[in-house]
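Here is a short tour of a few local features, from strand to surface to helices. Please keep the structure open beside the text as you read.

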Amino acid sequence: CVHTENCFIPTSEIIAVEETELNKKQRNLGKWQKMAKPHAFTVYYVKKTRNHRWRCSDVTFWSVDEHLCNQWIQALKELLEMQKSRPKQLLVYINPYGGKRQGKRIYEQKVAPLFSLASISTDVVITEHANHAKDNLFEVNINKYDGVVCVGGDGMFSEVMHGLIGRMQKDSGIDQNNPKAPLVQCNIRIGIIPAGSTDCICYSTVGISDPVTSALHIIVGDCQPLDVSSVHHNNTFLKYSVSLLGYGFYGDILKDSEKKRWMGPMRYDYSGFKTFLSHHYYEGTISFQPAKHTLGSPRDKDSCRTGCYICKKSEQQLAEQHKECGLKHEEDAEEWKVIKGKFLAINAVNMSCACPRSPKGLSPAAHLADGSADLILVRKCSRFDFLRYLVRHTNQDDQFDFSFVDVYRVKSFQFTSKLLEDNESNVTDIGKKRFGQFCRDHPACCCNIANSTWNCDGETLDSSAIEVTVHCQLMKLFARGIEENCKNEAACSQSCIEQLL
């Protein structure tokens, strides 16, 4: 077999192999014009470009020997069949209303042709109302699918995630309202085709918000475990979170922006500016359990990358801890740390929360699958200092290097506001004992007008008093984490050649 260029592709990144009919123009090129009837096949493969972007490329091979050509086609197809992680049947949910209302068009024009090329069968559901996908996941025969794909933004992903995790717990007889219940892991992967106002989860797990790149990760069967936090209030399940739980600044932005949906994505900028000017702080107590099983720390600058060593080792150490100690609440209570204060923002993130505007995210060294969340406490400070902190999210400087910012790696935490405690609102008995009394060092004033709202992955929570637990690698994505950028492409090519040889 002959081809026109040198091309070295690992089998895992071949998309499809097809027999090719050469047209007259191709057959008249060079030496092929001397052949009576050249035979050919085309290999479609992943081509990696800059900034984590993937594209489908192809290379065609010609041969005068039809039998030899067919042997190559058969051999390559058998190699692809051996890639057992690849999906063959997918359930696809498309949100036609999210973002710029382009979800259906993006899927049909950019994604569906690639799935067809890779011989992936799909059942497509166009969602018609909120929670359509979530409710549908409780009814379908989930076992017939190799994965679930959501076309939309972070809100659409959250809906599919809640449906899938909820279905798994229901089928296993797990009560989601019990905050101490060990949840059953989801082995069915979720794929995200970004088409929303915010695509933070896709950006933080793939490195780019690009529908074609995400589709190719799904086709080659990539798998990235993901931590999920469960949020409870008074033994009642509220939500699952995979990216941001934010009280104060980010909660106020969400609450204000919900009233301005008519503005589209611009509403976040408007509400953010308005919330910054208001400069409200909120008084309360946060109680957390340090994640002693993790190898890293929020300030170690050791970013989570493909095949992350810290995630793998942290998972092993957490499993060993559970095996040795079990879930002994008496021992757990001794490990909790309590902090009281006045906060402009309380943020808990399971991932970096990177996005195009903030390439490093809220916590640059947060890990996707280490069984922990990074808890960021921004205490009361001047408006100028808070602005300095916010600006750090857009540059390379250490955003935790302020006297009014504290960051901790935790595996669970609880929060209640001073206002709720003063009103003797219901908080768990454990929480009351652990939190103790609040500081009452100042009279009521304009700085503490009312409670803030918790922003849970872009959705508001009904209660400000919450209990949060991180569940290590509860679910899986069709992704591979963010790959290291290759600084020397020539060296990379040489390495690839050596591996093939």
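## A strand residue and its partner

Helices (H or I, at least four residues) and strands (E, at least two) are DSSP runs, numbered from the N terminus. Strand β4 (residues 54–63) holds Thr60. This is a predicted model, in which local features need pLDDT of at least 70 and side-chain atom pairs pLDDT 80 or more, while totals for chains, interfaces and linings use all residues. Residues are numbered from 1 along each chain as its sequence is written, and side-chain values use heavy atoms, with hydrogens and water left out.

Thr60 counts as buried because its relative accessibility is 16%; buried means under 20% relative accessible area, exposed over 50% and partly exposed in between (1.4 Å probe, protein chains only). The side chains of Thr60 and Thr42 are joined by a polar contact of 3.0 Å. Such a contact is a pair of N or O atoms within 3.5 Å; within protein, one must be able to donate a hydrogen and the other to accept it, and residues adjacent in sequence count only if both atoms are side-chain atoms.

## An exposed loop residue

Now to Glu21, in the loop between β2 (14–20) and α1 (24–27). With 69% relative accessibility, Glu21 counts as exposed.

Helix α7 (residues 211–219) is mostly covered, with 9 of its 9 residues buried; among them are Val212, Leu216 and Ile219. Just after α7, Gly221 adopts a positive phi of about 80°.

Helix α8 (residues 249–257) is also mostly covered: 8 of its 9 residues are buried, including Phe249, Tyr250 and Asp252.
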